[in-house]
Amino acid sequence: MNISMTRIQAILMKDYKEFSRNYAVSVMVLMPLVMAFFINKSGSTTIAAYFITINIAFSMVTAYVQCCLIAEEKEKNTLRSLMLSPASLSDILIGKSLFVLILTMVVVALTIYIVGYSPANLFILAITLILSTVFYIAIGTLCGLFAKTVMEGSLIILPVIFIFPFGPSALAFSSNFPILKIAEWLPSSQLVLLAESLEGTYTTMDVIIPIATIIAWSLVAWIVTGFIYKKRMVD
Amino acid sequence: MNAVIDVQHLKKTFNKETALQDVSFTIQKGEIFGFLGPSGSGKTTTIKILTAQSEKTDGDVLLFGRPANEMKQSNNRKRFGILTDNSGLYTRLSIEENLLLFSNLYQLPKSSVKEALDFVNLYGDRKKKISQLSKGMMQRVTLARAIMHKPELLFLDEPTSALDPVNTQHIYNGLRKLNEMGTTIFLTTHDMSEAEILCDRVAFLHKGKIRAIGAPKDLKKEFGDESITVELKNGTSEVIQNGKQDAEKLFHWMQSNEVSRIYTNEPTLGNIFMQITGSDLV
C-alpha cells in the first residue's frame, strides 16, 4: 500500500477548509447536538435514548458529510484531478476519511456530554464508537461514489439516515413482526446492545459479538467501496 | 529519438459504438503534437486512454516505453501534467490554496506555487477564490496546476479556448519556453492558427480515425496549391501559376507599377481538414 502522510495531510486540510465554507453541509453537525439537548431536557436516561442521538450523529454527520464531500468532488470533477495527481487510492480515501473521523469524534463526544451519559466502561465503548465511525465513513463514501451530484447524494444517503439510527427501535416491534428481528444485526443495534451490557455484569462474548459484527460490516463496506471506487473512476 | 508516446492500432468502443478505430501515431521527445478534430471525433477519449483514465478496447498504447495502464501508478503520474476543459478546481478555495494542495500532493517546495502563478500571470490574484474567477482565469489556474511539477509530458485539451488574445499570447510564450526546456506537448484544439503557431506535427482525427498526419508545412505542400494571387491597382485580381508565361505577366505588372498586393494561395490547416474529411472542424 502506497501511503504518504504529506498527501493525506494536504487532503485533510483541503477538506477542512472546504467544509468550513460549505454551510449547507456543515449545518448538519448541529442536528445530533440539538437532539441531544432535547433528550437531556426530556429527562430520559435510558441507553436506548442516548444512543438514538449517537446513531443519528453517525448517520447525519459521518455518513452524510462523507457522502456529500465525495459527491461534490465528483460533481466538480475534482476527484478526477486528485486521481491524476500522485495521490494513491489509499492517500485519497484515508485523507478524506480522516477529516470526517475527527469531526465525528468531536460531535459524538459533545453528544455524549450533552445527553449526560457516563459510560460504565469508556475504553470498550470508545473502541466500538471508533469502529462504528469507520463503518459509517465507508457507507458515506459508497453512497457518494454512486451519486453524480451533491443533490443526488443527499437522496441516496436517506435510507442510511433512516435505517441505521432507527433500526434498534424497530426491535421493539419484532414480537409482532418477526422479520424485524434482523435489525438486531445492524451495527447500530449491536452498539446499543454492547452499551447496555456494559452497564451491568457482562461476559466476554457480550463484548466480542457486537465488536466482531461491527468489524464485519466495516470490512464488507470498505471492500465494496474500494471495488466501486476503482470501477467508477475508470471510463 | 525517444518515443514519449507510441500508439498502434488503438481501438475504443463504448457499448458497441466505435469511438476510435485503428489510431496509430508516435510522438518523439520534445515535440509539440497537435490532435485536431471536431467535437466527438475522439480527441478526449484518446487523452483519457493515454492518461489511464479509460481503458482501450484493442491496440498498443505506450507512454515512456511502458503500457499506458502503468500511468495509474503514483510515481508515473508525476511524469505528466494535464489540462482539460473541465477544470476540476475547488471553488471555495483561493487560487493559492488550490495550487498549494497540488504542490503538497506532488511534494514540491512552496516556491513552485509562485513560479506556476507567474507563468500564467496570476500571482497578483492569488488570494481570489476560484468561484470569483472568469472562465479564462480558471483555465490559467488549471494550466498552472498542470505545469507546476515541470512534467516531461503535458496534455492540453483546448488550452486557450476561453482566453483573450493577450493571455493567449502569454500562454503560447510559456508553452514554447516549457517545450524548449524539454517538455513534450500533446495538444488538442479546434483553433487552426494555434496549431500552426505551436505544433511541430499535427494529426487530423475524424470520426475516430486519423485522416492525415504530418508537419503543417508538409501537409500544406501535399494538399496545397502553389499559385499566387495578384491584386492590381485597378481593383481586379489575377491568379497566376508557376511558369514562364505567368512570370512575364507578373514582371510586366510590377514594371508598370500596377501591383497593389501579392499573396500566396497556401491553404490553412482548416482548408486541408475540410478537403480531406469533407466536414468543418467545429
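## Where the chains meet

Let's start with the contact between the chains of this predicted model: chain A brings 21 residues and chain B brings 24 residues, where two residues touch if their C-beta atoms, placed from the backbone, lie within 7 Å. On the side of chain A that touches chain B, α1 (5-20) and α5 (78-84) of chain A each give two or more residues, and α1(A) gives the most, with 6 residues. Helices (H or I, at least four residues) and strands (E, at least two) are DSSP runs, numbered from the N terminus.

A note on conventions: residues are numbered from 1 along each chain as its sequence is written, with chains lettered from A and ligands numbered from 1 in the order in which they are written. Local features need pLDDT of at least 70 and side-chain atom pairs count only at pLDDT 80 or more, while totals for chains, interfaces and linings use all residues.

## The sheet of chain B

Here 6 strands make an open, mixed sheet in the order β6-β7-β8-β3-β9-β10 (chain B); strands pair if DSSP finds at least two bridges between them. Because β6 (80-83) and β10 (209-214) of chain B stand at the edges with a single partner strand each, one side of each is left without a neighbour in the sheet.

Strand β9 (residues 201-206) of chain B runs antiparallel to β10(B), joined to it by 5 bridges. Val202(B) has Gly214(B) as its bridge partner in β10(B). Helix α10 (residues 269-277) of chain B packs on the sheet, touching β3 (32-36), β9 and β10 of chain B.

Notes: Axes fitted to C-alpha atoms, helices over the stretch in contact; angles between N-to-C directions.
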